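This report describes selected features of one model.

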Amino acid sequence: MHLSREEERAYQGELGESLRKAMEILVALGEIYGADQLIPIRSVQVAGVSFKTIGEAGLEWISDLRGKVAVPAVLNPAGMDLARWREMKIGENFAKKQLKVVEAYRRLGVSPDCTCTPYQIRPELARRDDHLAWSESSAVSFANSVIGARTNREGGPSALAAALVGKTPRYGYHLEENRIPTHKIAVDADLEPSDYGILGFIVGREVGEGVPRFRFRRRPEVDELKALGAAMAASGSVALYYFDEDAPDAPKGAEEIALTAEDLRAVREENAPDGDVDIVAVGCPHSSPNELEELARLLEGKRVERELWICTARRIAERCPRLVEKIERSGARVFCDTCMVVSPASDRYNKMMVNSGKALAYVPGLCKMRAAYGSAAECVEAATRRG
Ligand code: F3S
């Protein structure tokens, strides 16, 4: 990989030990994937924030780094709401470690916005054709597919290294040739908003790490695309998909998949709740203001009978205090900075109901509990049902 003089100096350690470590990671990655050079990036989203996933070794690695990030950088969700962790019944020990992780990132200049939807709170972080180094799979999918930016799915260390250097190796989804559709997906159904999570759950399993090109009867809304991409990134590892009428076509011979309303119904039925749900969690990916508004409307005049968590970014909750207040009047909790999958707080439950194809795919493996799927209205119904 070609390095400029300045990059070479950083690689040799002439600009400090942290930059040397960062360059070592970027060069190693570039060499593995055949990158020809490093390219400047607009922003970074760093995974590896929840103490549940990074543990002591991760905390030590971040704490040992010095210096400041060279481009705007934000964090993925942490293992708890950084302010209301006691309400999540997080232990003191975990909380102390989690706060240290966030503080260590903050010292490096990473903003403590802990969210998988940075595009909802700071649109300037990613514009069309920008190169990025983002980590969280649903954010990566959204950036590539909806915004039209270019990012690989970075691991925690490579994202942080990219933030310190302000560059990333040019390979994978940064290159045009890897952005060509591989599958044609025809969806012959009038979709409800809650169908997109299930659709993504099905398509991700079918296409793996392919690049699906959808044909829909109508253009999906932004929150629907958010749900679709998140689910495909979790049940498969889709980092880029196309949905616009004028998107490039998959080449001749590409695999074609046709899905009907019946296919979606069958998977929904397989994953319908069967009465033993003990927690309901929505906001995967983090809820938008529109989604909070819908939940506030659905919860109006109701009381929750079992835990109902709504996960969102702190800046969204702060932007919508009246909605948060209305939601919480029902006994539901709006938690920020975290989510049902990366927080150990959900470990004490047995069956979680979600309205997210991504959570449906992840909860059984990562939280070791059963999962059920429903729309936002069905989730509220399950949370407020007596008995
Ligand atoms: Fe976000 Fe957690 Fe879902 S990081 S996409 S809410 S699993």
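## Surroundings of S330

S330 touches L299, K302, R303 and V304, leaving aside residues up to four places away in sequence; contact means heavy atoms within 4.5 Å. The residue sits in the loop between α13 (321-328) and β12 (333-336). Helices (H or I, at least four residues) and strands (E, at least two) are DSSP runs, numbered from the N terminus. S330 has 1% relative accessibility and therefore counts as buried; buried means under 20% relative accessible area, exposed over 50% and partly exposed in between (1.4 Å probe, protein chains only). A polar atom of the S330 side chain lies 2.6 Å from the backbone oxygen of I327.

The model is predicted: local features need pLDDT of at least 70, side-chain atom pairs count only at pLDDT 80 or more, and totals for chains, interfaces and linings use all residues. Residues are numbered from 1 along each chain as its sequence is written, and side-chain values use heavy atoms, with hydrogens and water left out.

## The four-stranded sheet

An open sheet is formed by four strands in the order β4-β3-β2-β5, with parallel pairing; two strands pair if DSSP finds at least two bridges between them. β4 (111-114) and β5 (133-134) each have a single partner strand and stand at the edges, so one side of each is left without a neighbour in the sheet. Strand β3 (residues 73-75) and β4 run parallel and are joined by two bridges. V74 has S111 in β4 as its bridge partner.

Helix α7 (residues 156-165) packs on this sheet, touching β2 (44-46), β3 and β5, and its direction makes about 145° with that of β2. For such angles, axes are lines fitted to C-alpha atoms, for helices over the stretch in contact, and values run from 0 to 180 degrees between N-to-C directions.

## The three-stranded sheet

Three strands form another open sheet, in the order β8-β7-β9, again with parallel pairing. Its edge strands, β8 (212-215) and β9 (255-260), each pair on one side only. Strand β7 (residues 183-188) pairs with β9 over six bridges, and V187 has L259 in β9 as its bridge partner.

Two helices lie across strands of this sheet. Helix α8 (residues 195-207) lies across β7, β8 and β9 at about 155° to β9, whereas helix α10 (residues 261-270) lies across β7 and β9 at about 75° to β9.

## Nonpolar cores

The largest nonpolar core has 89 residues, and V44, L199 and F214 have the most contacts inside it. Such a core is a set of buried Ala, Val, Leu, Ile, Met, Phe, Trp, Tyr and Cys residues joined through side-chain atoms within 4.5 Å. Apart from this core lies another, of 29 residues, including L292 and V324.

## Aromatic pairs

The structure holds nine aromatic pairs. Rings of Phe, Tyr and Trp (its six-membered ring) pair if their centres lie within 6.5 Å; planes under 30 degrees apart count as stacked, over 60 as edge-to-face and the rest as tilted. The ring centres of F51 and F94 are 5.8 Å apart with planes at 75°, so this pair is edge-to-face. F51 belongs to helix α3 (residues 51-64) and F94 to helix α4 (residues 92-107), 43 residues apart.

The rings of Y119 and F142 have centres 3.7 Å apart and planes at 5°, so this pair is stacked. Both Y119 and F142 are buried. Elsewhere, Y196, F214, F216, Y241 and F243 form one aromatic cluster.

Key
Polar contact = N/O pair within 3.5 Å; in protein donor to acceptor, adjacent residues only side chain to side chain.
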